[in-house]
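Reader: Could you take me through the charged pairs of this protein, and show me how to read them with care?

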Amino acid sequence: LQIAENGAGALATRLLNGLLDMSVSSVRLSDAALMGEALLEEELFVISARPVTGGLAALADLPWIVSGSPNAIRGHLGAIFTQAELEPNVVAEINSLPMVIRAVEDGLGVTLLPRAAVADALAAGRVTASPLAHPAPRRTVHLYRRRDKTTTPAEDAVWRLVIEVSR
């Protein structure tokens with residue numbers, strides 16, 4: 001079993017090119033060559049060193065630390081502010097989740113993530129999770145594999161296990 005971490009686009013390309021057997025993605029892939037299974041849906045929260053309050057205009061003014069585009073959560077953030085005719089104050093783009101979390105813990109800015117991504121930091125009181133909007137933005141995480149690939153019993157077992165564990 002080999003696990004590779006990368007952006008959704010890169011993983012989708014590797015999956016379509018036969019370089020991966022399956023991929024977990026928060027981006028919905030509509031390629032007919034792929035079959036997918038929704039694993040879970042999770043709410044996204046403003047993650048910060050201290051609780052944040054106020055409406056979207058006040059939140060847009062906060063220093064935002066985000067992943068570079070394209071990124072599914074970045075897309076959610078942009079869509080919410082665009083719909084409100086606002087632009088978030090992006091102060092840093094960091095393509096490493098641990099580094100984003102560390103920057104937020106250090107009080108350098110805020111970010112948008114599901115609680116699961118910062119569970120340890122939340123439990124330790126290093127960050128807080130506040131709603132961005134009502135209703136909260138949500139993302140669905142999917143498991144994908146190629147339709148035309150013959151799978152091994154081990155691959156089928158991993159597929160079933162990932163689905164079982166995520167529910």
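**Reading the salt bridges**

Author: Glu41 is partly exposed, with a relative accessible area of 46%, where buried means under 20%, exposed over 50%, and partly exposed in between (1.4 Å probe, protein chains only). This is a predicted model, in which local features need pLDDT of at least 70 and side-chain atom pairs count only at pLDDT 80 or more, while totals for chains, interfaces and linings use all residues. Residues are numbered from 1 along each chain as its sequence is written, and side-chain values use heavy atoms, with hydrogens and water left out.

Reader: With which residue does Glu41 form a salt bridge?

Author: Side chains of opposite charge can pair when their charged atoms come close. A salt bridge here is a side-chain nitrogen of Lys or Arg within 4 Å of a carboxyl oxygen of Asp or Glu. Glu41 pairs in this way with Arg138, their closest N and O atoms being 2.6 Å apart. Because Glu41 lies in strand β2 and Arg138 in strand β7 (residues 138-146), the pair ties together parts that are 97 residues apart in sequence; strands are DSSP runs (E, at least two residues), numbered from the N terminus. Arg138 is partly exposed, at 37%.

Reader: Is Glu42, which forms a salt bridge with Arg139, buried or exposed?

Author: Glu42 counts as buried, at 13% relative accessibility, and Arg139 is also buried, at 17%. The closest N and O atoms of this pair are 2.7 Å apart.

Reader: How many salt bridges does the structure hold?

Author: There are 11, and one of them joins Arg167 to Glu37 (3.0 Å, N to O).

Definitions and conventions
Helix = DSSP H or I, 4+ residues; strand = E, 2+ residues; numbered from the N terminus.
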